[in-house]
Each structure stands twice: as C-alpha cells, then as structure tokens.
Amino acid sequence: SRVKFRPWGRDLKAMPKFKGNLWNMSTCNRLVAERTELRRHEKHLQALESTRGQVDATQPKEHTHLRSKLKTRKLQEDRAAEIQLENRILLQKMLNIDTKPSQLADAMNSSTTRPRSLHGESQRREAERIATENHALLTRLQNTKPSIDPRTWEEEEVDRQALKFRLSQNSAARRVVKLRM
C-alpha cells in the first residue's frame with residue numbers, strides 16, 4: 001500500500017491513532033501525563049502476567065480401548081488356537097503312523113533277513129583276531145626293558161671329547177702354520 005502525502009506535508013500513517021475521545025487522552029500537566037502513562041504501563045504489565053496461552057499443552061486423555069488393542073490380541077489368540085489345533089492333529093497322525101503295524105516294519109523285524117555281506121562273519125572274526133594281536137603286542141612292548149641307557153651317554157660323550165682334544169694336540173705339534181705376511 002502506498003503512503004499518501006497531504007499538501008500540508010504529513011502522511012496519514014504517521015498520525016497516532018487514539019481509541020476513544022481525544023479530549024480524554026490529553027493532559028494539561030507533565031506530572032499528570034507521567035502518572036497516567038505509568039498507570040497505563042502497570043496495567044499493561046499486569047495484563048501480560050495474567051494472560052494464559054491459547055494452545056492447550058496438557059497431556060491428552062488416555063483412551064484405554066486404544067492402548068489395550070483388543071482386536072490385535074483377539075487375532076493373536078485365534079491364530080495361536082489354530083496352531084494348537086493343527087499341532088494336535090499332526091501329533092495324532094504321527095502316533096497313528098507309529099503304532100500302526102505295517103508290512104515294512106514286519107519285514108524289518110523278521111529274523112529271515114539275509115546278512116549284508118557273504119563274508120560278514122569271517123570279516124568280523126578277522127577284525128577280532130587283529131584287535132587281540134594288537135593288544136598282545138602292546139603288553140609285550142610295555143613289559144620289555146629298554147636296550148639303551150641314556151645315563152651312559154654322558155660318560156661316552158666325556159670320553160669322545162677327551163679323545164678329540166688329544167688328537168687335535170698331536171696333529172698341531174707336527175704341522176707348521178704358515179701365516180700370510
């Protein structure tokens with residue numbers, strides 16, 4: 001919006017707006033004007049302190065029917081009941097299969113079954129013979145005395161070192177060492 005200028009030099013927006021009668025707002029004395037302005041300001045501050053917000057910031061009411069979720073719980077219970085029923089039916093079928101005699105079970109339990117291999121019995125006897133021989137060999141090895149004595153190794157090593165020293169002394173006496181100059 002544009003500001004209109006009057007010929008006498010003042011614009012309309014610059015003029016103060018008074019609510020009420022201009023004679024009631026004017027004062028004839030500076031002290032009275034200050035006191036009036038101070039009272040108006042105090043009234044304004046009191047009005048600001050006593051104001052309340054327009055927005056309700058309180059916690060909303062609790063609706064128990066929304067929190068309990070009855071429909072969800074009912075659907076879960078129904079699904080659990082269906083699962084229980086299906087499990088019970090499957091268990092009954094498994095029991096029927098397990099307890100009902102069948103041709104295959106009769107064939108498995110009969111003593112007329114042939115051995116898996118023609119040489120099964122001889123192979124079992126051979127495995128038993130090898131196991132007993134291995135056990136006998138183990139007991140013989142555990143009962144034999146060792147043929148090597150580690151304690152004598154130290155004495156033999158001392159003798160070898162002495163012989164080596166004597167040989168090195170004898171060989172060095174006959175040889176003339178030629179050193180480079």
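The side chains of Glu34 and Arg30 join up in a salt bridge, with N and O 3.1 Å apart. In this report, a salt bridge is a side-chain nitrogen of Lys or Arg within 4 Å of a carboxyl oxygen of Asp or Glu. Both partners sit in helix H2 (residues 30–49), 4 residues apart, which is about one turn of the helix. Helices here (H or I, at least four residues) and strands (E, at least two) are DSSP runs, numbered from the N terminus.

How open are these two side chains? Arg30 is exposed, at 57% relative accessible area, while Glu34 is partly exposed, at 45%. The cut-offs work like this: buried is under 20% relative accessible area, exposed is over 50%, and partly exposed is in between (1.4 Å probe, protein chains only).

A quick word on where the values come from. The model is predicted, so local features need pLDDT of at least 70 and side-chain atom pairs count only at pLDDT 80 or more, while totals for chains, interfaces and linings use all residues. Residues are numbered from 1 along each chain as its sequence is written, and side-chain values use heavy atoms, with hydrogens and water left out.

The structure holds 11 salt bridges. Now look at Arg129 in helix H6 (residues 120–143). Which residues does Arg129 form a salt bridge with? One is Glu126, with the closest N and O atoms 2.3 Å apart, and another is Glu133, at 2.5 Å. Glu126 is 3 residues from Arg129, about one turn of the helix. Glu133 also lies in H6, 4 residues from Arg129, again about one turn. Here is how accessible these three residues are:

| Residue | Relative accessible area | Class |
|---|---|---|
| Arg129 | 37% | partly exposed |
| Glu126 | 35% | partly exposed |
| Glu133 | 44% | partly exposed |

There is also a linked set: Glu121, Arg124 and Glu128 form a network of salt bridges.

**A negative patch**

Which residues form a negative surface patch? They are Glu154, Glu155, Glu156 and Asp159. Patches are built from residues with over 30% relative accessible area and no salt bridge, with like charges joined within 9 Å and nonpolar side chains (Val, Leu, Ile, Met, Phe, Trp, Tyr) within 5 Å. Lys and Arg count as positive and Asp and Glu as negative, with His and the chain ends not counted. For distances, the charge is placed at NZ of Lys, CZ of Arg, CG of Asp or CD of Glu. Glu154 belongs to helix H7 (residues 150–174) and is exposed, with 61% relative accessible area.

Lys69 has a positive phi of about 50 degrees, although it isn't a glycine. Lys69 sits in the loop between helix H3 (64–68) and helix H4 (70–99), and at 51% relative accessibility Lys69 counts as exposed.

**The whole chain**

Zooming out, the chain has 7 helices and 0 strands. Along the sequence, the pattern reads α-α-α-α-α-α-α. How many of the 181 residues count as buried? The share is 0%. The chain exposes about 19600 Å², and carbon and sulfur atoms supply 57% of that. Accessible areas come from the Shrake-Rupley method with a 1.4 Å probe, and for residues only the protein chains shown count as cover.
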